[in-house]
Amino acid sequence: MDALVELVRVTSPDGEVRVHPLHDGRGRACGHLDALRYALGERRVTSEIHRFPRAGDGRTRRVLVLRAADHRRRRREAGRTA
């Protein structure tokens, strides 16, 4: 989890971190995803699960999208210093 928090920290103010796959090698759903999302929220990281189309076959994949909880404020502050 520390690595995910660090990735979000160094991402641009309006950026996001995308994490996938959300399953193991046998296609089973990640059993600790809810606990991970809760723990990330405690560290001021918002998380959403989005569906994105896979290239070629038209199927979708689930992707965990992470952003700093204060990303709007960070974007405004970055605009002032630029």
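Why does V45 count as buried? Its relative accessibility is 5%, so V45 falls in the buried class, where buried means under 20% relative accessible area, exposed over 50% and partly exposed in between, with a 1.4 Å probe and protein chains only.

## What you're looking at

This is a predicted model, where local features need pLDDT of at least 70 and side-chain atom pairs count only at pLDDT 80 or more, while totals for chains, interfaces and linings use all residues. Residues are numbered from 1 along each chain as its sequence is written, and side-chain values use heavy atoms, with hydrogens and water left out.

## The overall layout

Three helices and three strands make up the secondary structure of the chain; these are DSSP runs numbered from the N terminus, helices being H or I with at least four residues and strands E with at least two. Start at the N terminus and the order reads α-β-α-β-β-α.

The chain has 82 residues, and 26% of them count as buried. Take the contacts (heavy atoms within 4.5 Å) with a separation of 6 or more: 52% of them are between residues 24 or more positions apart.

## The nonpolar core

In soluble globular proteins, nonpolar side chains tend to be buried together. Here the largest nonpolar core has 12 residues: L4, V5, V8, V17, L22, L33, L36, L40, V45, L64, L66 and A68. Such a core is a set of buried Ala, Val, Leu, Ile, Met, Phe, Trp, Tyr and Cys residues joined through side-chain atoms within 4.5 Å. Helix α1 (2–10), helix α2 (33–42) and strand β3 each give two or more residues to this core.

Back to V45, which sits in strand β2 (residues 45–53). Beyond its neighbours within four places in sequence, V45 touches V5, V8, L40, L66, R67 and A69. V45 and V8 are 37 residues apart in sequence, yet their C-alpha atoms are 7.5 Å apart in space.

## Two loops worth a look

Between β1 (17–19) and α2 runs a loop that holds P21. A cis peptide bond, with omega about 5°, joins H20 and P21. L22 is in the loop between β1 and α2 too, and it counts as buried because its relative accessibility is 8%. Setting aside neighbours within four places in sequence, L22 contacts R28, A29, C30, L33, I49, R62, V63 and L64. From L22 to L33 is 11 residues in sequence and 8.0 Å from C-alpha to C-alpha.

R44 isn't a glycine, but it has a positive phi of about 65°. With 54% relative accessibility, R44 counts as exposed.

## The largest pocket

About 200 Å³ of space lies in the largest pocket. A pocket is an open set of points on a 1 Å grid over the protein atoms alone, where a 1.4 Å probe fits, with protein on both sides within 12 Å along at least five of seven lines; lining residues have an atom within 4 Å of a point. Of the 13 lining residues, P21, L22, H23, R61 and R62 are the closest to the pocket's centre.

Strand β3 (residues 60–68) gives the most to this lining, with three residues. By type, the lining has three nonpolar, four polar and six charged residues. Ala, Val, Leu, Ile, Met, Phe, Trp, Tyr, Cys and Pro count as nonpolar, Asp, Glu, Lys and Arg as charged, and the others, Gly among them, as polar.

Terms used
Grid points are joined across faces, edges and corners, and a volume is the space filled by probe spheres set on the points.
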